[in-house]
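Subject: Structure handover

Hello,

Here is the structure for you to look over. My notes on what was found follow below it.

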Amino acid sequence: MKIVTLKKGLRGIAMTEYLIILAVVAVAAILIVGLFGQQIKNVFTENTSALAGSSMGSSAASATASSAGKSDSQDNMGSFDKNASTTGS
């Protein structure tokens, strides 16, 4: 009878450890989203607009284009077919 009681106690300890780990992960996720939420949202917004074919409209996109030697041209998925047909096979 003592063995059965010991197994139930160990199962409870293991479940408590898992709950503590789950709580730590949840708090960490909330803190990360709170700190970096707006930056993550901006990245997803820029990627979504680039995939949709519209211009990105951020200063980072224009800085990237100018550093690549392009003055007003931005490559996005909207211009992909046009560029591929003129340069590719």
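The term pLDDT is the predictor's confidence in each residue, on a scale from 0 to 100. It comes up because this is a predicted model. The protein chain has an average pLDDT of 74, and 51% of its residues score at least 70. Confidence is highest in helix H1, residues 2-52, with a mean of 87. It is lowest in helix H2, residues 59-67, where the mean is 51. Where pLDDT is low, the predicted coordinates should not be read in detail.

On the overall fold: the protein chain contains three helices and zero strands. Along the sequence this gives the pattern α-α-α. Of the 89 residues in the protein chain, 8% count as buried. The protein chain exposes about 7,600 Å², and carbon and sulfur atoms supply 68% of that area.

Ile32, Leu35, Phe36, Ile40 and Phe44 together make a nonpolar surface patch of about 530 Å². Phenylalanine 36 itself has a relative accessible area of 42%. That value falls between the 20% limit for buried and the 50% limit for exposed, so phenylalanine 36 is classed as partly exposed.

Is serine 49 buried or exposed? Its relative accessibility is 16%. Buried means under 20% relative accessible area, so serine 49 counts as buried. The side chain of serine 49 reaches the backbone oxygen of glutamate 46, at a distance of 2.9 Å.

Regards

Conventions
Residues are numbered from 1 along each chain as its sequence is written. This is a predicted model: local features need pLDDT of at least 70, side-chain atom pairs count only at pLDDT 80 or more; totals for chains, interfaces and linings use all residues. Side-chain values use heavy atoms; hydrogens and water are left out. Helices (H or I, at least four residues) and strands (E, at least two) are DSSP runs, numbered from the N terminus. Patches are made of residues with over 30% relative accessible area and no salt bridge: like charges are joined within 9 Å, nonpolar side chains (Val, Leu, Ile, Met, Phe, Trp, Tyr) within 5 Å. Accessible areas come from the Shrake-Rupley method with a 1.4 Å probe; for residues, only the protein chains shown count as cover. A salt bridge is a side-chain nitrogen of Lys or Arg within 4 Å of a carboxyl oxygen of Asp or Glu. Buried means under 20% relative accessible area, exposed over 50%, partly exposed in between (1.4 Å probe, protein chains only). A polar contact is a pair of N or O atoms within 3.5 Å; within protein, one must be able to donate a hydrogen and the other to accept it, and residues adjacent in sequence count only if both atoms are side-chain atoms.
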